[in-house]
Structures are given as structure tokens and as C-alpha cells.
Amino acid sequence: MEACKQRFKTRYVRLPDLLLELEMARNDGTYKKVQGKYANPLLLIIDEWLLLKPNESEQHDILEPLHRRRKRSSSIFCSQYDSNGWYDQLGGDNSLLAEAIIDRIKYDGFKINIVPTDPANYKSMREVYGMDPALSE
């Protein structure tokens, strides 16, 4: 919120929406333009980070804007997964791009874990929406 108040160019996107937009852009010839849309803001906020495992094409779509943003802008990744599990969620040792993506995120990065103010009454978003809470483990 503070970045917006300070008038920094900021963009928010859910990762599933970003990947869908890039796939459509690839098909209609606007891929480079859409990549720039996410590479250029001073602050990019990606929500639902790695909620689903991306395939190889989607991993490439993730890597490109992160590579372009490196050392010149900031990114916030909002995820339900502990960052130690991101490599595996990206395909782990079976993915050629997993290490490259993680490198671009963790280099000069800061990790902020948000913990509930009342742990006794904490409910995950999966529970709130009636999904199986076992899926979050």
C-alpha cells in the first residue's frame, strides 16, 4: 500500500491470471508487450504464487519477467507454501528452469512470514472456502 501512496508504479496479479494472459499473448502475437507489462513496474506483486505446479512453458513465462526485473525493481511473492518448498513446486531436479527462477527470487531477497495474531482460532484460506485442509501440508 505504501508503494502506491508514494506513487511508485505498482502492478498486482495472481500467478494463474499472469500465466493465462501470457499464453493468450503468445497465441495473438502480443507476448513481448505483455511480458513488458509485468517486467516494467517498480513493484510487482504476484499473489497465489505456485498455488499450482507450473509446466515447462509456464516456468519460462515466469523466468522472463523475473530476469528482466532483477536488480532494478522489486517483487513480492504471496504464497501459502513455505519458500523452502518452492523449488520442488517448480519441478525440482526434473526442471531445468526451477533453479534459475529461485536464483532470481532469492538473490537480494527478504522473507517475511505472516503469522496469525490468534493462532488458536487460525483458519487457512482452504478451510474458509471449504477445501480439504490436508492439501495445505
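User: In what order do the three strands of the open sheet lie?

Analyst: In this predicted model, three strands form an open sheet with parallel pairing, and their order is S1-S2-S3. Strand S1 (10–14) and strand S3 (74–77) each pair on one side only, and the edge strands are therefore, by that pairing, S1 and S3. From one strand to the next, the twist averages 15°, within the order S1-S2-S3.

User: How many bridges join S2 to S3, and what is the bridge partner of Ile 45 in S3?

Analyst: S2 and S3 run parallel and are joined by four bridges. S2 is also mostly covered, with four of its five residues buried. For Ile 45, the bridge partner in S3 is Ile 76.

User: Which helix packs on the sheet, touching S1 and S2, and what angle does its direction make with that of S1?

Analyst: The helix that touches both S1 and S2 as it packs on the sheet is H2, residues 15–28. Confidence in the protein is highest in this helix H2, at 96. The direction of H2 makes an angle with that of S1 of about 90°.

User: Are H2 and H3 roughly parallel or roughly antiparallel to each other?

Analyst: The axes of H2 and helix H3 (residues 31–39) come within 8 Å and cross at roughly 155°. Angles over 145 degrees count as roughly antiparallel, and H2 and H3 are therefore, relative to each other, roughly antiparallel.

User: How many charged residues does the contact of H2 with H3 have?

Analyst: On the side of H2, the residues are Leu 18, Glu 21, Leu 22, Ala 25 and Arg 26, and they meet Tyr 31, Val 34, Gln 35, Lys 37 and Tyr 38 in H3. Sorted by class, the contact of H2 with H3 has six nonpolar residues and one polar residue, while the number of charged residues is three.

User: Is Gln 89 buried or exposed?

Analyst: Gln 89 lies in helix H5, residues 86–89. Leaving aside neighbours within four places in sequence, Gln 89 is in contact with Leu 50, Leu 51, Leu 52, Lys 53, Pro 54 and Tyr 81. Its relative accessible area is 10%, and because a value under 20% is the criterion, Gln 89 counts as buried.

Notes:
Residues numbered from 1 in each chain as written. Predicted model: local features only at pLDDT ≥ 70, side-chain atom pairs only at ≥ 80, totals over all residues. Heavy atoms only, no water. Pairing = 2+ DSSP bridges. Helix = DSSP H or I, 4+ residues; strand = E, 2+ residues; numbered from the N terminus. Axes fitted to C-alpha atoms, helices over the stretch in contact; angles between N-to-C directions. Contact = heavy atoms within 4.5 Å. Parallel < 35°, antiparallel > 145°, perpendicular 65-115°, else oblique. Nonpolar A, V, L, I, M, F, W, Y, C, P; charged D, E, K, R; others polar. pLDDT = per-residue confidence, 0-100. Buried < 20%, exposed > 50% of the residue type's maximum accessible area, 1.4 Å probe, protein only.
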